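Please open the structure in a viewer and keep the selection tool at hand. The stops below proceed one selection at a time.

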Amino acid sequence: MRELLSNAIRQKGREFVQNEQVAVTTRQHLGDTAAEVQGKVFCSFGFVHHPRINVVELRDANVVTDYTCDCYEGNGASGFCSHCAALAIAAYGDDREIIFEKHSGQGAAAGTGRLFQPIPMEQVQIEEDRQDAFGRYAAARVFCDFGFVHHPRLHILGSDEVADYSCDCYEYAASKGMCAHCQVLLCKLKQTDGAEEGPDTEAASDTEETPTEEPEPTPEDPLQSAPVTEADWFAAEEATAPPEEEASASSEEEPAPLQEENDSSDVPRSMQILLGESTETQEPVYWCPNDTEQVFHTNMGIIGTMGTGKTQFTKSLVTQLYRQQHNNFDGQRLGILIFDYKGDYNESKPGFVRATHARILKAYRLPFNPFSLTEIRPKPQLPIHIANTFTDTIAKIYGLGPKQSASLLRCIIQAYQNCGIVPGDPTTWKRPAPTFSQVYDVYCANDDIKKNDSLYAVMEKLFQFQIFEDSPERTKSLFALLNGVVVLDLSGYDADIQNLIVAITLDLFYSQMQNSGSSRMDKRYRQLKKLILVDEADNFMSQNFPALKKILKEGREFGVGTILSTQFLTHFGTGSDDYSKYILTWAVHNVADLKRSDVEFVFQTDAVPAETERIFHQIKALEKHQSIVKIGNAPLISIQDMPFWKLVSDPQD
């Protein structure tokens with residue numbers, strides 16, 4: 001059955017093309033009239049979708065015979081999404097009819113034009129599987145492409161009759177059909193049941209344990225063991241993670257800090273991150289970010305010249321933090337925000353994205369609002385404080401004068417008032433805050449402001465780049481956005497835009513951090529709630545933005561740690577700020593043009609020349625994937641790194 005493309009989907013596709021958000025990556029001819037076209041569509045919230053269409057090229061029209069996309073948008077029963085439409089328009093122009101064949105068949109998910117690609121079983125983590133008088137209930141997390149994590153739930157009667165199901169994906173919301181995530185959960189349950197010999201489902205429910213496959217135990221020392229696959233690592237971690245029921249029961253019984261008698265428990269109370277092994281003793285060297293006996297706070301500095309293994313070390317660190325969230329104090333989930341200046345963590349590095357299920361945000365219509373007042377600790381005249389912080393950041397980066405700063409501040413306050421938000425009336429602060437596009441409109445409408453100075457250039461640049469989302473209803477709290485690994489891809493942008501985005505994001509992060517409440521702890525262990533990684537941080541640190549220093553100084557109280565990665569030790573002492581005094585953990589790789597004064601500055605050895613000389617020669621002698629590590633007050637250790645490629649057995653990433 002063939003149908004013309006609907007006007008709504010075609011119009012949405014046009015918008016993608018007009019905004020130059022579509023790239024045709026490949027076009028392969030399969031015969032005289034048939035072709036396969038693939039592309040990328042850059043959407044809101046930083047998503048990058050990858051539509052593919054098979055087309056029969058007729059004289060006056062194109063017939064799309066097959067299509068697929070990694071979105072869950074669909075179009076009711078038709079399933080032909082706007083990303084596929086945009087790809088067709090970009091490839092063939094907008095003056096031809098687009099006809100698509102409407103697929104159907106058993107097993108096809110509603111809202112798609114073809115069967116879903118199967119989801120690998122190792123990407124399904126069962127979180128609940130219980131039986132009662134009304135049937136069997138199961139829930140899971142399904143790790144999908146591009147960092148999505150979906151949460152399907154099933155209610156099963158008898159052996160295989162599905163009485164109810166739900167999911168948080170777009171496909172289920174649009175059609176109420178059993179989505180691919182619910183289907184793969186059902187398959188996982190059947191596979192698990194089939195693997196069990198002996199206890200049936202009813203017997204298993206008596207123990208209230210989630211049935212899982214028994215993987216091989218994780219090697220105690222990965223450096224000494226044979227290479228393992230990424231799936232093996234995930235399976236091993238699932239086997240060693242404490243059951244969800246036990247964790248929740250513990251928190252209900254002991255809402256206060258855990259008692260000292262539990263300190264001797266065999267249950268891990270801290271994430272143990274394998275940095276590498278000692279080059280002298282070959283013993284593993286672990287960093288335990290929750291253990292206050294090892295480190296008082298989790299700030300870390302990673303230094304190394306290009307090609308020394310610094311990025312591989314950092315990727316390994318982030319991946320292990322993500323995978324060991326279940327060992328965080330009190331089972332606290334960890335949000336990791338990566339500012340990626342060079343593109344080392346984006347979709348061009350699929351191994352890292354797969355290993356961490358990272359969500360990639362492009363610097364285009366970022367889904368948080370720098371003028372938001374939600375999840376920020378109230379204070380008198382709060383909107384003016386937020387407006388002033390934004391104005392100061394813009395003025396610092398672009399060198400605005402006092403009059404220009406005052407003009408920008410007035411425009412922001414007026415935009416708040418246009419949204420019904422009165423600075424002196426806290427009852428109005430819960431209303432949707434203005435976006436940058438609304439501030440820009442106020443600026444353009446103000447005839448008293450000159451339109452040929454540096455402020456005008458800044459406003460035009462920010463408006464044209466469309467860095468922030470212009471629809472308030474499509475934004476969310478930055479803290480809420482940081483669930484798992486989130487990469488803010490800044491690669492390819494000018495340095496001023498990069499620093500602006502980092503500065504504004506950290507301003508908002510700091511405000512919401514203060515409102516998030518103190519992290520829980522007992523006499524020894526502390527929660528780690530959020531972690532910030534600034535890669536190639538030298539340009540940003542040199543600007544001396546106050547938010548970074550505040551997060552470094554105050555983050556421990558709120559369970560926030562910061563990792564700063566750069567090429568030279570001297571970068572930690574740029575300008576008027578000495579960032580090194582906020583760092584307790586160091587990993588120093590080989591550094592070009594190293595000076596003894598650099599060693600004295602970072603390691604505070606100026607009073608002990610012999611120690612300075614020893615460390616200097618140690619650093620200069622380091623080979624690739626080797627580093628000098630200092631954790632808290634412990635002595636320096638020379639280690640053979642645990643690089644990311646070895647962690648996941650993928651030398652190509």
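Is the crossing of α11 and α12 left-handed or right-handed? To answer this, select helix α11 (residues 402-418) and helix α12 (residues 436-445), bearing in mind that the model is predicted. Their axes come within 9 Å and cross at roughly 115°, which means that α11 lies roughly perpendicular to α12. The crossing is right-handed. Now display the side chains at the contact: α11 contributes Cys411, Ile412, Gln414, Ala415 and Asn418, while α12 contributes Gln438, Val439, Val442 and Tyr443.

Next, turn to the sheet. Its 11 strands form an open arrangement with mixed pairing, and they are ordered β14-β13-β23-β22-β21-β15-β20-β19-β16-β18-β17. At the edges are β14 and β17 (359-362), each of which pairs on one side only. From one strand to the next, the twist averages 25°.

Strand β13 (residues 273-278) pairs with β14 in the antiparallel sense over 4 bridges, and Leu274 is found opposite Tyr286 of β14. Between the two strands of this hairpin are 5 residues, and Gln282 adopts a positive phi near 60°. Select β14 itself (residues 284-287) to compare its faces: Val285 and Trp287 belong to the covered face, whereas Pro284 and Tyr286 belong to the uncovered one.

Move along the sheet to strand β15 (residues 300-303) and strand β20 (residues 560-566). These strands pair in the parallel sense, over 4 bridges. Met300 has Ile563 of β20 as its bridge partner.

Centre the view on Leu506 and show its surroundings: setting aside residues up to four places away in sequence, Leu506 touches Phe339, Ile532, Phe540, Ala547, Leu548 and Ile551.

Note on methods: Residues numbered from 1 in each chain as written. Predicted model: local features only at pLDDT ≥ 70, side-chain atom pairs only at ≥ 80, totals over all residues. Heavy atoms only, no water. Contact = heavy atoms within 4.5 Å. Buried < 20%, exposed > 50% of the residue type's maximum accessible area, 1.4 Å probe, protein only. Pairing = 2+ DSSP bridges. Axes fitted to C-alpha atoms, helices over the stretch in contact; angles between N-to-C directions. Parallel < 35°, antiparallel > 145°, perpendicular 65-115°, else oblique. Left-handed = near helix turned anticlockwise from the far one by under 90°.
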